[in-house]
Amino acid sequence: MAITTAPAPASASATEPEAPAARRLAGRRRLSPGRALAWVYLAVVVLITVFPFAWMLRTALSDNFALIQNPASLLPVDFTWGPFGRVLGLQSAADAQAEGGSGVSVNLGGFVVNSVIYAGVATLCQVFFATLAAYAFSRLQWKGRDLVFGILFSALMIPGILTLLPNFVTIKELGLLDSFAGLILPGALFSAFNIFFLRQFFLGMNSEIEEAAMLDGASRLRILFRITIPLASGPITTISILGFITYWNDYFWPLLVANDESVQPLTLALGVFKQSSPQAQPDWAGLMAAALLAALPMLLVFLVFGRRIVNSLGFSGVK
Amino acid sequence: MTTERITAPAPAGRATLRPPRSSASSARRGDARLAWLLIAPSILGFIVFAAYPALRGVYLSFTDYRVLSDPEWIGLDNFVELGGDAKFWSSLGTTIYFVILTVALTMLVSVTTAVVLHRLTSSTAIRSVVILPFLISNVVAAVVFSWMLDRQLGIVNIAIEALGGDAVGFLTDKGWVVPTLALITVWKTAGYTTILVFAGLQTIPPQIYEAGKLDGAGEVQMFRRLTLPLLRPIMAMVLVLTVIGAFQVFDIVQVTTKGGPANASLVLQMYIYDKAFGQFDFGYASAMSLVLFAMLIVISFAQMRLLRASESDQG
């Protein structure tokens, strides 16, 4: 396996400075029909990508009854914050009905909290344990290291379909159904990809500072927490973001183990909300407000870390 | 592995700095104890939630297991039953149809977009926008498209009618439902695969294109003769990823159609879920999971072989 060693995001962006130069040259050429066509294609792709988000926002700010009268308007119909109030349980039943709510009381606030706990704790545990393991697999010398690493690495070959049902049975036997522990435990302790990713980084990282600290008599653990982890904060942040996205969006596993509303994440609530909408007159405005709410943290992550995500995905792929 | 060489000199160097050999080896023994301590959580997680369930899944597929009573060994009965289960075969057909549509479109869109991006602009902003759908949940995508594709009020049908066409029951018509689900999936994942292909393109040295241009090759020719061959390893990887992902499609189907109308979108994973949690037939559901797993293995290996993924023409 040819693996581009370590400083992942750095190496991905390092190739960029030379590329733009070549492209600037190309850009100075006149706009040939082929290039114009390519730009049109790109514009269409961007439009198709973005339109559903715009439509989600436009609908979520509309009055659900008014939507029926004017379904094609590009702007919110009868602008109102009502749908957001409705799905957060802030709107009175009468107001909700007047604006086209289904009358079923929904309060997504609790589910948002559940999602934050689930995604937050699971990501934290997963990244923490992966960091410890990656350190042991890169900086420490011990017998059987590569063998154990190889065995753990083989887990990447085991797909979810094979383990989901037995894991459900295990969680059930442990009496952890409908609990955060049951939701979090299977992925929290061990993640082959994160261990692999961080190990690669540690291996490529200069160990001079750590060795100097060692000569000064610092213990291994102290070095790990005071020197190695701070030095690796970049890639650790990256896998944390990717982990948080995955957990926040997770649907299948919570669907299996979380039947109780007190622990259900937002994705489940959204699915239930969609399916319990009356067929004749669904509360589309409310649904879009709920969907936007579920997407919001990811949109924020995107705004703050978009560039980092793009670069790190590129790396994880080329590996 | 080349990476080993990087770490190897380190301990040796340290040992020379520490004259007494015994202290070096005791430090190493301390290292071993610490190492096992540090990997203990990972090992525990690996055994309990990866290795054991994988083996247990295989075992359960040879049993009659209804969760409430203990599993009972029935040999190959589940697999024999599977052979005569028309619903299984039709769901397999539906899944394969979905996979072919999804994979073909995803590859087409992501390679085209990546190449266009690569030739036109280095803007990270555009690449970030393209990745946007990858960041949101399948459930959100499913809900949004249910609305946009609604037969009466959905914007897509309104546009179709404005252009003089007839409204289409995208998620309610038997003929339309699978292609529609495939399109939603492509919207959701093509951005991610585009970025992967784009990263592959970035590894191609630009001089190659300069040389191609000097030899008088046009854009199309350079794409066919230079880009495609050099991109083969990463395309093989993206292909395998997409196929494996598409075979396990579930979330979007569960939220939009639950396998309907009249089982027209009952994909394998949906059927497995229904068997396990609708009918509590865990043995049978496990057997189907095992079959799906076996198919994925065979397909992945076949693809890797066909595309000679481990070799790059770059040498």
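Reader: How many helices and strands make up the secondary structure of chain A?
Author: This is a predicted model, in which local features need pLDDT of at least 70, side-chain atom pairs count only at pLDDT 80 or more, and totals for chains, interfaces and linings use all residues. Residues are numbered from 1 along each chain as its sequence is written, chains are lettered from A and ligands numbered from 1 in the order in which they are written, and side-chain values use heavy atoms, with hydrogens and water left out. Helices (H or I, at least four residues) and strands (E, at least two) are DSSP runs, numbered from the N terminus. On that basis, chain A has 17 helices and 0 strands.

Reader: What percentage of the residues of chain A count as buried?
Author: A residue is buried under 20% relative accessible area, exposed over 50%, and partly exposed in between (1.4 Å probe, protein chains only). Of the 319 residues of chain A, the buried part comes to 55%.

Reader: Is Trp81(A) buried or exposed?
Author: Trp81(A) lies in the loop between helix H4 (64-69) and helix H5 (82-87) of chain A. Its C-alpha atom is 7.8 Å from that of Ser62(A), 19 residues apart along the chain. Because its relative accessibility is 59%, Trp81(A) counts as exposed.

Reader: Over residues 116-135 of chain A, how far apart are the end C-alpha atoms?
Author: An unreviewed UniProt entry annotates "transmembrane region" at several stretches of chain A, including residues 116-135 and 147-168. Such annotations may be inferred rather than shown by experiment, and their positions are given in the numbering used here, with feature names shortened. Over residues 147-168 the chain is 73% helix, with the end C-alpha atoms 29 Å apart. Over residues 116-135 it is 100% helix, and the separation of the end C-alpha atoms is 28 Å.

Reader: Over residues 129-149 of chain B, what percentage of the chain is helix?
Author: The stretches 96-117 and 129-149 are among those of chain B that the unreviewed UniProt entry marks as "transmembrane region". Residues 96-117 are 100% helix, with 31 Å between the end C-alpha atoms. For residues 129-149, whose end C-alpha atoms are 23 Å apart, the helix content is 86%.

Reader: How much area do chain B and chain A bury between them?
Author: Contact means heavy atoms within 4.5 Å, and the contact takes 100 residues from chain B and 105 residues from chain A. Buried area is the accessible area (1.4 Å probe) that two parts lose on being put together, summed over both. Carbon and sulfur atoms carry 75% of the area, and the total is about 9,400 Å².

Reader: Which residues of chain B lose the most area to chain A?
Author: Together these residues account for 9% of what the side of chain B buries. They are Phe49(B), Leu135(B) and Trp147(B).

Reader: Which side chain meets that of Asp31(B) in a salt bridge?
Author: A salt bridge is a side-chain nitrogen of Lys or Arg within 4 Å of a carboxyl oxygen of Asp or Glu. The rule finds 2 salt bridges across the interface of chain B and chain A. In one of them, at 3.2 Å from N to O, the partner of Asp31(B) is Arg220(A).

Reader: With which side chain does the side chain of Arg56(B) make a polar contact?
Author: Arg56(B) is in helix H3 of chain B and is buried, because its relative accessible area is 13%. A polar contact is a pair of N or O atoms within 3.5 Å; within protein, one must be able to donate a hydrogen and the other to accept it, and residues adjacent in sequence count only if both atoms are side-chain atoms. At 2.7 Å, the partner of Arg56(B) is Glu173(A).
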